Amino acid sequence: MSAITLKIDTMAELAAKGEAPEILFWVGCAGSFDDRARKITRAVAAILHEVGMKFAVLGTEESCTGDPAKRAGNEFLFQMQAAQNIQVMNMYEVKKIVTACPHCFNTLKNEYPELGGNYEVLHHATLLQQLINEGRLKVKDGGAFKGKRITFHDSCYLGRANGIYEAPRQVLEALDADLVEMKRSKAKGLCCGAGGAQMFKEAEKGKKEVNIERIEDALETQPDVVAAACPFCMTMLTDGVKNKEKESSIKVYDIAELIAGANGLIN
Amino acid sequence: MLQNIIFILLLALGGGIFARKVGKIRRNIFLGKPLNRTDRKSERWSTMARVAMGQSKMVTRPVAGFFHILIYVGFVLINLEVAEIVIDGIFGTHRVFQPLLGGFYNVIIGFFEILAIGVILACVVFFWRRNIQPVARFTSPEMTGWPRLDANLILIIEVVLMSALLLMNTAEANMEGKTGYAVSNLLAPLLAGVSESGLHSIERISWWAHIVGILAFLNYLPYSKHFHIILAFPNTWYAQLEPSGQMNNMESVQKEVAMMLDPNANPYAAPADGAEAPGRFGAKDVMDLPWKSLLDAYSCTECGRCTSVCPANTTGKLLSPRKIMMDTRDRLEVVGANIDKNGSFVDDGKALLGDHITAEEIQACNTCNACVEACPVLINPVTIITELRRYQAMEASQVPSEWGLMFNNIENNGAPWQFPAADRMGWADNLEINTKNAEA
């Protein structure tokens, strides 16, 4: 192992050299700007580098997919964003995309094709699972999380919306951890409270916040780690753990952070 | 002979009134916007076979699932006996299939009797779960008044129908030279002291009560949540096959945006000949919704599984996906009655959004699809919610101010937050990692 400072290529830089990456890493707005989610982005980049998968990002040419606008009812804004992003990606002749955000994943995979954006789109859970299955990504002796109790929170837009339940769990199994399920999981998983553009406004009047309800499900499993695969779930779950004053004993990590952390790729 | 004529008249009347009402419901459903749901036919047939016929989603809740299947199987199979009753009624025969099937007939009718007992048992359990020790989802605010009465009436009518069937056979079991079947033989002592003519009267009254009851029940269906016993089949057939996360594309908006972005387009150009005037964006009223959402509304049996898993509802918000479906049906019925009265719809100054469903309800949705996943007949409440949100955002400009800010941010800096686009690569600054793969 050696410590290096990783330089991230942009599509524009590679194109200028007449090169193209194997895969486009779609970072998403949360992964680009949110301090906590940026760590997930770094973990994904470290893993892609470690396995030698040539990747690039769009950098400043990336723009919101339009998902929150569409869910909040503003189809105009969504279409503007989609048209702009598709134009950029088609210009670079993008074939394959990985993203760590289930909302970006859902929009890119399901809603862009009808608008002229046809790509093979993977959520990082699926890519990590493939890399593990192919033997390209290993976790030595389970790493730091061996034997830890980990509970996985299904993101709605990965799970119910796209039927991906097993990939993130198989990734976690590579950690040799003690995987425990919440009473509401997989197709019956409870939302973190951020979906449908709720992330961007206060909740309506009620008796409880959704993320508190969800973190109580997680706490019932008495976990060491709550694992997520979505930057918005990350925010909601982290806030939930703080609300319960459990942040010293329970950590919330993205599955990419767990894999990268177990391999000592990130500090 | 007179009995035959009365029977045929009743049958024609019952069937005719039912057909007329179904025709109106069909008209109401197609007030909705066009949507193509006739692709991928083999997948549609298998979805219907699995979900509607096979009850695959019912059994995720084992108690309700088990008793529901009991009623469902009872309903479907006992209807074979109704076929016999209809033939007997028209031609004045008595148990027309008996000589044809011989000993097997006794086995079948015996089996139907056992099913009838199963149906009665299930109805009692369901009545208990609604009234004596109520399951939470049956006590929500939208489940008072008519919806609650409707549910109980259905259970009571089913018990009456099944009892008539059993009473008929029990009377016959006591008659000279006749025999009963599996259950009616056991029940026979109940009518042991009744005279031969009394038994005949009981048998006839039960026979008529059963068939008239069925005709009446048939005509009750279109006014009741119980209509799901018919619409569950088409509703699962026409269900969305795309991933549930996929929201439909709005081609009208796509075209406008394409024109805005096309440097060669003339913004002042007159619309092409024959071009339709763009309709309303999103939905304010039921006719703005896709027709499948209206079929969904008539298919809903108000079981409330959707609401019981809704993150907004279970944390105390106003939103209830079941109420969204009930409101849509209620409003559609009002619109239908308006058309019946006036020939075509005359604006009544009311709409689905505002008069039935409030902005607060639709804003609380996480679009998490838990309700869609939970529905045993593949109803999609999220489509209605997002269509109403589209109207709010694009026509009425009435979104929560924070959403307005989010829209502005996306427009100005390509992110829902107020961060400059130039900082998008900030995460990659000084990206120190450990690696075995040192080249780069």
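## Two domains in chain B

The C-alpha centres of domain 1 of chain B and domain 2 of chain B sit 34 Å apart. Domain 1 covers 2-237 and domain 2 covers 281-418, with bounds that come from an automatic or database domain assignment. Before going on, note that this is a predicted model, where local features need pLDDT of at least 70, side-chain atom pairs count only at pLDDT 80 or more, and totals for chains, interfaces and linings use all residues. Residues are numbered from 1 along each chain as its sequence is written, while chains are lettered from A and ligands numbered from 1 in the order in which they are written.

So how do the two domains meet? In chain B, 29 residues of domain 1 are in contact with 31 residues of domain 2 (in contact means that the C-beta atoms, placed from the backbone, lie within 7 Å). On the domain 1 side, helix 1 (2-29), helix 2 (41-53) and helix 9 (228-237) of chain B each supply at least two residues. Helices here are DSSP runs of H or I with at least four residues, strands are runs of E with at least two, and both are numbered from the N terminus. Helix 9 of chain B gives the most to that side, with 6 residues.

Sorted by class, the side of domain 1 of chain B that touches domain 2 of chain B has 15 nonpolar, 7 polar and 7 charged residues. For this count, Ala, Val, Leu, Ile, Met, Phe, Trp, Tyr, Cys and Pro are nonpolar, Asp, Glu, Lys and Arg are charged, and the others, Gly among them, are polar.

## The overall build of chain B

Chain B has 19 helices and 1 strand. Its radius of gyration is 28 Å, well over the 22 Å that the globule rule gives for 440 residues, so chain B is more spread out than a compact globule. That radius is taken over C-alpha atoms, and the globule rule is 2.2 Å times the number of residues to the power 0.38. Along the principal axes, the C-alpha atoms of chain B fill a box of roughly 95 × 65 × 40 Å.

Of the 440 residues of chain B, 39% count as buried. A residue is buried if 20 or more other C-beta atoms (placed from the backbone) lie within 10 Å of its own, exposed if 12 or fewer do, and partly exposed in between.

## Where chain B meets chain A

Across the two chains, 65 residues of chain B are in contact with 72 residues of chain A. Several elements of chain B each supply at least two residues to this side, including helix 10 (251-261), helix 18 (381-395) and strand 1 (431-435). The residues on the chain B side divide into 33 nonpolar, 20 polar and 12 charged.

Strand 1 of chain B also pairs with chain A: 5 bridges join it to strand 1 (residues 2-6) of chain A, and the two run antiparallel. Strands pair if DSSP finds at least two bridges between them. In this pairing, A:Ala3 stands opposite B:Asn434.

## Two residues with positive phi

B:Arg40 has phi near 45°, a positive value in a residue other than glycine. B:Arg40 is in the loop between helix 1 and helix 2 of chain B, and is exposed, with 12 other C-beta atoms within 10 Å.

B:Glu302 is not a glycine either, yet has a positive phi of about 60°. This residue lies in the loop between helix 11 (291-299) and helix 12 (305-309) of chain B. B:Glu302 counts as buried, with 24 C-beta neighbours inside 10 Å.
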